[in-house]
Amino acid sequence: MAESKITVSIRPGNIVGLKRALPNGTDWYVFKGIPYAQPPVGSLRFKPPVPLDTLPTSPLECFVDGPSCYSEDVRFQRMSEDCLYLNVYSPQLQPKTPLPVMVWIHGGGFYVGTSDSALYEPPYLVQQGAVVVCINYRLGPLGFLSLPSAGVDGNMGLKDQRMSLRWVRDNIAQFGGDPHNVTLFGESAGGASVHLHYLSEVSRAYFHRAIAQSGTAFNDWLWQREPADRARKLARLLGGEESDTDEAVLATLMGASAEQMTALQNQCMSERDQTMLVRFPFTPVIERVGAVDAIITEHPARAAEKTFANPIPLMLGSTSDEGLVLRGFVKEKLPLYQTDPTRLIPVTLALDSEEQERSARDAIVKFFFQERPIAEETMRKITTILGDNLNTLPGYIAAELHARFQSAPLYMYVFSHMGALNKYREEYKIPPEEVGAVHADELYYLFSSSLYNTAAVQDHTESGRFREYCCNLWVNFARFGNPHATLVDWAPVERPAKGAEDSFYPAAMNLKNIGDCTMTTEFFYERFQFWKDLYRKYNGSHLLPKVE
């Protein structure tokens, strides 16, 4: 079917999109590159986003993706500091009943990533009856540099996300979407972002359900360490002086090019951090009380204990083998782990001395390796430890805090499906005998991507059918706040019984195959008990991971 143009009127002006055909032959309406805030350039660099009252031209043609935010992702040539754009995809512009809305936050460690349709096009979600919005937000130093003494509170990228939710509230009805039924969903850094907004009363006003995929507020890589020192170091790398005041530091940063800052950002980390896997230089911070438009001003575990104005159903999960994605990197850096196994210690463990560090290291090595050496044959143990630290354990901490303190239903999952759309297994060349769904393997059961050639997987194949199943599951959660229309047996996590908190362990739905999805309490159980005891020894509780 030939594409045709379609005009929609939104608050800031008129936009023109395209009517196209979905895989099943029905229509959908695609609007790409819609600006949702003023360009964060010039004097607006490092500032919270400012609403866009009027489009640059009206009508504005929205046929191509807006530029991606600056990052080191070489696959995307169109990058700009002017990057606050979103894409809207709708199955019906004037439905009889408004449609559920799903707002996607991409991952990439707050360091790389984009909502570009070459990576995240949602035809199968739209085919299930959702209006899908995919957003860009500022990354790296432009999005997360923090120097409060000079007026830069940080978390600009998270504030961009919140601004996009305000845009959705104000405009999504024009695309057939229901502003009173918005689901925020994201993966990895996007999942962590979703959870941070979940813990932020101000953000919660803009969404009604949440899905955090392989990311929470407790993830090992999430919180920026020594943010003011990193800001000052970036200024020195850009030509500033050691003796500069913070005002002079800010002047240097304001005068630098976005490309330069992006290229130099890794050097702002310590030399050791630069050799670690999954460390990102500029990421979220806990803001000072009174910061403008703050996202979070206290330890996330404290925020998770609060009573919020409205209960918001939450879906939370990870893949069955998160860390296996790192196999190639671990193989490359194996000598570093052999000579220094303290690299296996989670960042969120509160260790005060070298003696405690040695003791924690020995406990980890003994539990995971038993009597075997750290070697190529035991690399899977290393990837398991890293996966636990980076994603799996934080998800279970978030689940337990939720079960203890929140009344909203929580649905946990483990994604273990192995098929033709496990694109990260493919990209990172995981050998077929190494069984397990790796970090981000669920993405292309939800989205389509020309970069990953997902169109080669036809709808009637096993993976094509599982893609439809996952999209149906996610959209039904968005529609109803529970997954039961797709999977009636998916039970919410039970609250721990009084006096039995210590034995809490949540049941999760194992998303394996159509007709073979069952609740499990076995996944991760023994490792969870080990980590719980280790955190109790050094942090006082596994529910209080150390953050800056």
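Let's start with how helices α13 and α14 sit against each other: they are oblique, a word for angles that are not under 35 degrees (roughly parallel), over 145 (roughly antiparallel) or 65 to 115 (roughly perpendicular). Helix α13 covers residues 354-369 and helix α14 covers residues 379-405; they pack at about 120°, with axes 10 Å apart. Helices here are DSSP runs of H or I, at least four residues, numbered from the N terminus. Axes are lines fitted to C-alpha atoms over the stretch in contact, and angles run from 0 to 180 degrees between N-to-C directions.

Please keep in mind that this is a predicted model, where local features need pLDDT of at least 70 and side-chain atom pairs pLDDT 80 or more, while totals for chains, interfaces and linings use all residues. Residues are numbered from 1 along each chain as its sequence is written, and side-chain values use heavy atoms, without hydrogens and water.

Who makes the contact between α13 and α14? From α13 we have I364, F368 and F369, and from α14 come K381, I382, T384, I385 and D388, with contact meaning heavy atoms within 4.5 Å. That group splits into 5 nonpolar, 1 polar and 2 charged residues. Nonpolar means Ala, Val, Leu, Ile, Met, Phe, Trp, Tyr, Cys and Pro; charged means Asp, Glu, Lys and Arg; the others, Gly among them, are polar.

Technical notes. Helix = DSSP H or I, 4+ residues; strand = E, 2+ residues; numbered from the N terminus.
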